Amino acid sequence: MNNQVYTLITDKIIKQLEAGHVAWRKQWHVNNIPQNFATKRQYEGINFFLLSLIADIDHYRTANFLTYNQVCDLAKCLNCKKQYLNKHGAKCCANPQADKFVKKDEHGYPVIFWKIKEVEHKRRIINGDGIEELKIETDEFPLLRYYTVFNIDQCDGIKFEPNSNHNDPIAKAEALIKLYKDCPSLTFGGSRAYYKPSEDIIGLPQVNDFDDSNAYYSTLFHELTHSTGHPARLKRFDKDQTHSFGSEPYSKEELVAELGSAFLCATAGISTELKNQTAYIQGWLKALKEDDKLIIHASAQAQKSTKYIRGEVKHK
């Protein structure tokens, strides 16, 4: 891809930035509403946020959870074919073997709730007739309690098929990825897309969780561009600078990665909504006081990253 194409894409993005804000949307979907798998009841309050965060951080396919007893309630015995636990909690037979169970060494997560404790006490009062009598009163005290739940990915034998698309590979995109000689390892699962420099790995949702094949490759190319900044490659990451979320170096790197994605999509002949990438870039420009000139520098870095992936630039 010649330099004119890089310039054309960059100019288009700058024009859309100058025209105003365009809302960016994540290009994949996951079953991420925390709920109890058995009852289908959604968790509320702080539990909603806690379990959403857990599903995201631990890369679970879904935010469906069960208590240990609920896992046992769903289980049947492989030997006697009866329910693994009866209503009294007793196992079904002398040699029980459940077809559904929590995997070994898995740890559960707390679900918090309030339990009201009532305490009765007696108090002496003087009634309307001037006679002393005892009055029984009840005070209520809220006590914070919790129970433990497990994500269904921590359990064996529980069938769950998340809603997904059928996204076929794109030959040109796959050929482009193969040109990346020292490409980092790819892992799939969870609800985040990321590059982890300390381990030199890329994490992505499952391929069929993306809206379509174009969205998958666009996101993958974003993370591949990030990976070119590794000290063993183009050395964009300064050890003396913080790349924490929202910091200036982080924002600059996000611009490079999304521009790199746009360039790689063009190289692979993938049609993407440029306004989607423009809106993402604009979000980070705001953090940099909307310095539109920065995008020129970022596009040069993205161009170099694209050439590195294609094998046209060697690291020093």
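The model is predicted, with local features requiring pLDDT of at least 70 and side-chain atom pairs pLDDT 80 or more, while totals for chains, interfaces and linings use all residues. Residues are numbered from 1 along each chain as its sequence is written, and side-chain values use heavy atoms, without hydrogens and water.

**Core**

The largest nonpolar core holds 23 residues. Such a core is a set of buried Ala, Val, Leu, Ile, Met, Phe, Trp, Tyr and Cys residues joined through side-chain atoms within 4.5 Å. Buried means under 20% relative accessible area, exposed over 50%, and partly exposed in between (1.4 Å probe, protein chains only). Tyr 217, Leu 220, Phe 221, Leu 224 and Ile 270 touch the most other members. At least two residues each come from helix H4 (171–178), strand S9 (201–204), helix H5 (213–227), helix H6 (248–268) and helix H8 (294–309). H5 gives the most, six residues. Helices (H or I, at least four residues) and strands (E, at least two) are DSSP runs numbered from the N terminus. In soluble globular proteins, nonpolar side chains tend to be buried together.

**Surface patches**

Patch residues have over 30% relative accessible area and no salt bridge; like charges are joined within 9 Å, nonpolar side chains (Val, Leu, Ile, Met, Phe, Trp, Tyr) within 5 Å. A salt bridge is a side-chain nitrogen of Lys or Arg within 4 Å of a carboxyl oxygen of Asp or Glu. Areas come from the Shrake-Rupley method with a 1.4 Å probe.

Glu 118, Glu 120, Asp 139 and Glu 140 gather in a negative surface patch. Strands S4 (109–126) and S5 (132–151) each give two or more residues to this patch. Asp 139 lies in S5.

Ile 46, Phe 49 and Leu 50 make a nonpolar surface patch of about 300 Å². Phe 49 sits in helix H2 (residues 45–57). Leu 53 is also found in helix H2.

**Positive phi**

Lys 40 has a phi near 65°, positive in a residue other than glycine. Lys 40 is in the loop between strand S1 (31–36) and H2. Asp 105, not a glycine either, has a positive phi of about 70°. Its loop runs between strand S3 (101–102) and S4.

**Accessibility**

| Residue | Relative accessibility | Class |
|---|---|---|
| Asp 139 | 32% | partly exposed |
| Phe 49 | 58% | exposed |
| Leu 53 | 47% | partly exposed |
| Lys 40 | 47% | partly exposed |
| Asp 105 | 64% | exposed |

Methods: Lys and Arg count as positive and Asp and Glu as negative; His and the chain ends are not counted. The place of a charge is taken as NZ of Lys, CZ of Arg, CG of Asp or CD of Glu.
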